[in-house]
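Hi there,

Here is the structure I promised to pass on. Please have a look, and my notes follow below.

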Amino acid sequence: MGRDTARELLITRGADTLAHPGGTLLAHLDRVEARLAAWGAREELRLAGLCHAFYGTDGFAEHLLPLESRDVLKAAIGAEAEELVYVYASCDRDFSYAGIGQDGGPFRDRFTGETFAPTARQRKDFAELTAANELDVLRENRALRSRYGGGLLKLFTRWRPLLSEAAFTEARETLSLKGEERAAFLHGLERGDVVTGVVSHLASFHVTFVELGGVEGMMNIPEVSWEVYDVPGDVIREGQELTFEVLGVDLGRERISLSLKSLEPDPLRAFARAGFGGVRTGRVTRTVPSGVLLLVDDGVEALVDRDDLDGRSPRAGDELTFEVTAVNVVTRRVRLVLRE
């Protein structure tokens, strides 16, 4: 039982002569196993990588064994590895991929139609095997890489917590656009374009990086939301797929500037349209050297200058009573006076 036994069974079942986008099926399977080994995968997962096509997959219909003969494969590679093969083969990808990266996300067995929530170990193994399989195919077939690489990189960015560091690093190296393809992507964007991307990294210096499908964009902290927040992680999370507006493309620096909030209604304009007279109560959100910031409406802050506090020293969370006297939507200034 083990690798040699599995390869003998693969050859017996014709894997060495079965055509595959990466050459013969056996050549592809050997490379998948080798890639998993290079990433440090345990033996059972490496064996599953070698044998993952025995029952066919949602992307490769040919099978080497019918499901009624699962015991044959189990005898060759062991129960744990065979179960990994079955789970991988049974995946209804259109239904299941969205949930793999989420605790409790649903997974549909395309053979039985049953839906269940994979364990954390099952999700990690499935993600690692998927990455090894897809990266091999796209490394061997440039046309497929051009067609599917961007979407796969977004997927693997969503799955990043499940993937080993080695697997994600290779995914980035393999699927990121380079040379003429990268230049064409950048030239194809212009200010005002709406794009989808996956939040890839919330940097410590408050810049958010977004995977757009082969090229990363950047979003500065003020562009995340109209909401009042301290850091982007208060509003968004890594692995989240969102819709962004392109604010600009710097071809020389190969930098794409993005915004989330530009696609949302401006709460300051809504506040101004609704009328702002009368006495209100607001919460101090934070203190700044020049005074305090006061939340006057949902998503609308106003600076109360220290000279206008009349000797008061409010702290974050304190409530103040005020009256708004003017709103300027260009300078984004809300003028107000405090009341007792």
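Is glutamate 254 buried, partly exposed or exposed? Glutamate 254 is partly exposed, because its relative accessible area is 38% (buried means under 20%, exposed over 50%, and partly exposed in between, with a 1.4 Å probe and protein chains only).

Before the rest, some ground rules: this is a predicted model, where local features need pLDDT of at least 70, side-chain atom pairs count only at pLDDT 80 or more, and totals for chains, interfaces and linings use all residues. Residues are numbered from 1 along each chain as its sequence is written, and side-chain values use heavy atoms, leaving out hydrogens and water.

Glutamate 254 sits in the loop between strand S8 (241-250) and strand S9 (255-259); helices (H or I, at least four residues) and strands (E, at least two) are DSSP runs, numbered from the N terminus. Its phi is positive, about 55 degrees, although glutamate 254 is not a glycine.

Arginine 332 has a positive phi too, near 60 degrees. Its loop runs between strand S13 (319-328) and strand S14 (333-339), and arginine 332 is partly exposed at 37% relative accessibility.

In helix H6 (residues 93-100), the buried residues are Arg93, Ser96, Tyr97, Gly99 and Ile100. They pack against helix H5 (79-90), strand S3 (107-108), helix H7 (120-140) and helix H8 (142-158).

Glutamine 102 belongs to the loop between H6 and S3 and is partly exposed at 44%. A polar atom of its side chain lies 3.2 Å from the backbone oxygen of alanine 98.

Enjoy exploring!

How values were computed
Contact means heavy atoms within 4.5 Å. A polar contact is a pair of N or O atoms within 3.5 Å; within protein, one must be able to donate a hydrogen and the other to accept it, and residues adjacent in sequence count only if both atoms are side-chain atoms.
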